[in-house]
Amino acid sequence: MSTTADPLATLATLPGVADAVDSVRKAVDRVYGHRVMRRRGTEVTSEAALRGARGSAALSGADWNLEEVRRRTDFSGADGDPEGPVVGAALRLTAEAGQLLSIWRQSPLRVLARLHLVAAADQGDTVGRPRTAGEPVDEPLVELPVPDAEEVAGRLEGLAQLIITGSAAPALVSAAVVHGELLALRPFGSHNGLVARAAERIVLVGSGLDPKSICPAEVGHAELGRAAYAAALEGYASGTPDGMAAWIRHCGKAVELGVRESTAVCEALQRGAA
């Protein structure tokens, strides 16, 4: 497939992207080679899911510590805490993402609608569909100009076609573009950040880079901080080669930090078994 017909592959040639891809691949290979993964991989996957959900929620304004997320059973917000529903939505999305892998390559827009439904199930007839003209967007932590509904529809369709057609681009590049495009578009009335990060996870897992979902990029995005996240997203939204490359490299750093987190989990499990 030529790069002309494969725009994602073109992005893989941008400055520093090949090095980021190589660094991520080596990091992922190392954690998958950890001896604990042979015996207790399911436990690592479960812990990565919890930590990834916590990280995604933190980026959406609900920065709870891990033990609080682990301890709580009620995320309804009935206690008056507005952050509870955000954490609950992140946990639901992380669980749901693994169930949608087989559908993603055939019908990505259906998957995105499902993710939004899972995240915002109590928001009436605006749930599970892209916003229409005049409908507001509640995404206060993303301050980029909001594209209108017509632009959103066209770019979503273009993104879907890229996914369905497939690409020779590395998984990191594809995942970063899906994540960045959804954040830039904010196609839904709410929960776009959570949905974008869940979609990034789906691409990383479905591509085969992280088939057991043990490398939570959401952890890394949170660790790098909201300011760096917003700045990198501005680069993506600019559409310039340098801006796009910076966003992809930022996503690569996030995956590597997710790998570091799961490596620490493996080491803890190994010490506990000793």
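V36 lies in helix α3, and in this predicted model V36 is buried, with a relative accessible area of 0%. V44 is also placed in helix α3, which covers residues 35-59, and V44 is likewise buried, at a relative accessible area of 1%.

- Leaving aside neighbours within four places in sequence, V36 is in contact with G41, V44, C266, L269 and Q270.
- With the same exclusion of neighbours within four places in sequence, V44 is in contact with V36, M37, I214, S262, V265, C266 and L269.
- V44 and W247, which are 203 residues apart in sequence, are 28 Å apart in space, taken from C-alpha to C-alpha.

**Helix α2 and its buried face**

- Helix α2 runs over residues 17-32, and its 16 residues should span 22 Å at 1.5 Å a residue, a value that agrees with the 23 Å found between its end C-alpha atoms.
- The buried residues in α2 include V17, A20, V24, A27, V28 and V31.
- Viewed down the axis of α2, the buried residues fall within an arc of 100 degrees, and therefore they line one face of the helix.
- D19 and R30, on the other side of α2, are exposed.

- Helix α12, made of the 13 residues 226-238, reaches 18 Å from its first C-alpha to its last, which is close to the 18 Å expected at 1.5 Å a residue.
- Y229, A232, L233, G235 and Y236 are the buried residues of α12.
- Because these buried residues fall within an arc of 150 degrees when α12 is seen down its axis, they line one face of the helix.

**The pairing of α8 with α9**

- The axes of helix α8 (residues 149-165) and helix α9 (residues 171-185) come within 11 Å of each other and cross at roughly 170 degrees.
- Since angles over 145 degrees count as roughly antiparallel, this crossing makes α8 roughly antiparallel to α9.
- On the α8 side the contact is made by V152, R155, L156, L159 and I163, while α9 contributes V177, V178, E181, L182, A184 and L185.
- By class, the residues of the contact of α8 with α9 divide into nine nonpolar, two charged and no polar.

- R186 is placed in the loop between α9 and α10, the latter being residues 192-206.
- Although R186 is not a glycine, R186 has a positive phi of about 45 degrees.
- R186 counts as buried because its relative accessibility is 1%, where buried means under 20%.
- H191 lies in the loop between α9 and α10 as well, and the phi of H191 is near 60 degrees, a positive value in a residue other than glycine.
- H191 is buried, with a relative accessible area of 19%, a value to be read against the cut-off of under 20%.

Key. Residues numbered from 1 in each chain as written. Predicted model: local features only at pLDDT ≥ 70, side-chain atom pairs only at ≥ 80, totals over all residues. Heavy atoms only, no water. Helix = DSSP H or I, 4+ residues; strand = E, 2+ residues; numbered from the N terminus. Expected span 1.5 Å × (residues − 1). Buried < 20%, exposed > 50% of the residue type's maximum accessible area, 1.4 Å probe, protein only. Arc of directions from axis to C-beta. Axes fitted to C-alpha atoms, helices over the stretch in contact; angles between N-to-C directions. Parallel < 35°, antiparallel > 145°, perpendicular 65-115°, else oblique. Contact = heavy atoms within 4.5 Å. Nonpolar A, V, L, I, M, F, W, Y, C, P; charged D, E, K, R; others polar.
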